[in-house]
Amino acid sequence: MKNKIFPLMYRKKSPEGFISAFSLIELLIVIAIIAILAALLMPALGKARGSALKIQCASNLKQIGHGFAQYQADNEDYYPILSNPLAWTKGDVDDASWYNMGHVALNRIAMYLVPGAQSCTRPWPNDSEPVSAVFFCPANQVRAPSKNYEANYFIFGKSSTVPTRYRSTLIKQPSRLFVYAEGKSHTFDWNTSHLLILPGTPLDERGDFNFRHGNNGMNFLFSDGHVAFCLLPYYSHSERSKGPFLWY
């Protein structure tokens, strides 16, 4: 008599040569083994996925660094600023506009990363969407470039300041001066430099820093073009020589 519960593929021959189905206990054992293996593998797979996202994020910042290097090659070693470097001290830019500099800078280098791009976002009405995946962290659900990688205020800074420190060739410690880091907006303001972030500091007390790859570190792009994942602690402006980076 045919077994109508288990298909033929789950049947086996007994020593007497008769075909018999898997028992319910055997099936439950197989399911239990699969469940145990899945439980063991899931954390490892999650960790591997997190590592892949962190590496992709670092790659994005590295490409952004290449964009700045190409921009500087065309602009006398200057980082992008709100106005022409020769007109920087003439007061032709609103002093309050510096806060948009992080987004403006990404707009200025977009053409070097995406041929024909006029900005880091798509044309209106899709102007909140990035023109390339380079401009947003893959671990961030918010794709808008203005809410992913944040510029160092002291690199791009207030428009009333003489731009000697913003010329890459005049930076004394380019391997320690960070240009961009993972953030919640597009420009770290000067208040951010006074933060003292230690392991255990609540996430809501870490200013605009965004720790998307674990609570103890994030990716930084430095002035010399290298990218590093820097761990806590991050020191304040007055103690910046102790930390993994300099503000200026």
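Where is the place of Thr-201? Thr-201 sits in the loop between strand E4 (178–182) and strand E5 (217–222), where helices (H or I, at least four residues) and strands (E, at least two) are DSSP runs numbered from the N terminus. The model is predicted: local features need pLDDT of at least 70, side-chain atom pairs count only at pLDDT 80 or more, and totals for chains, interfaces and linings use all residues. Residues are numbered from 1 along each chain as its sequence is written, and side-chain values use heavy atoms, with hydrogens and water left out.

**Overall architecture**

- The protein has three helices and six strands, and along the sequence these follow the pattern β-β-α-α-β-α-β-β-β.
- Of its 248 residues, 40% count as buried, a term that means under 20% relative accessible area, with exposed meaning over 50% and partly exposed in between (1.4 Å probe, protein chains only).
- Among contacts (heavy atoms within 4.5 Å) with a separation of 6 or more, 61% are accounted for by residues 24 or more positions apart.
- The protein exposes about 14000 Å², of which carbon and sulfur atoms supply 59%; accessible areas come from the Shrake-Rupley method with a 1.4 Å probe, and for residues only the protein chains shown count as cover.

**Nonpolar cores**

- A nonpolar core is a set of buried Ala, Val, Leu, Ile, Met, Phe, Trp, Tyr and Cys residues joined through side-chain atoms within 4.5 Å.
- The largest such core has 28 residues, of which Ile-64, Phe-68, Phe-156 and Tyr-180 touch the most other members.
- Helix H1 (24–74), helix H2 (101–113), strand E3 (149–151), helix H3 (153–156) and strand E4 each supply at least two residues of this core, and H2 gives the most, with seven residues.
- Apart from this core lies another, of 16 residues, among them Phe-188, Ile-197, Cys-230 and Leu-232.
- Not counting residues up to four places away in sequence, Phe-68 touches residues including Tyr-79, Ile-109, Phe-156, Tyr-180 and Leu-221.

- Beyond residues up to four places away in sequence, Thr-201 touches Leu-196 and Arg-206.
- Leu-231 lies in strand E6 (residues 227–231) and counts as exposed because its relative accessibility is 52%.
- With residues up to four places away in sequence not counted, Leu-231 touches Asn-216, Gly-217 and Pro-244.
- Leu-231 and Pro-199 are 32 residues apart in sequence and 9.0 Å apart in space, C-alpha to C-alpha.
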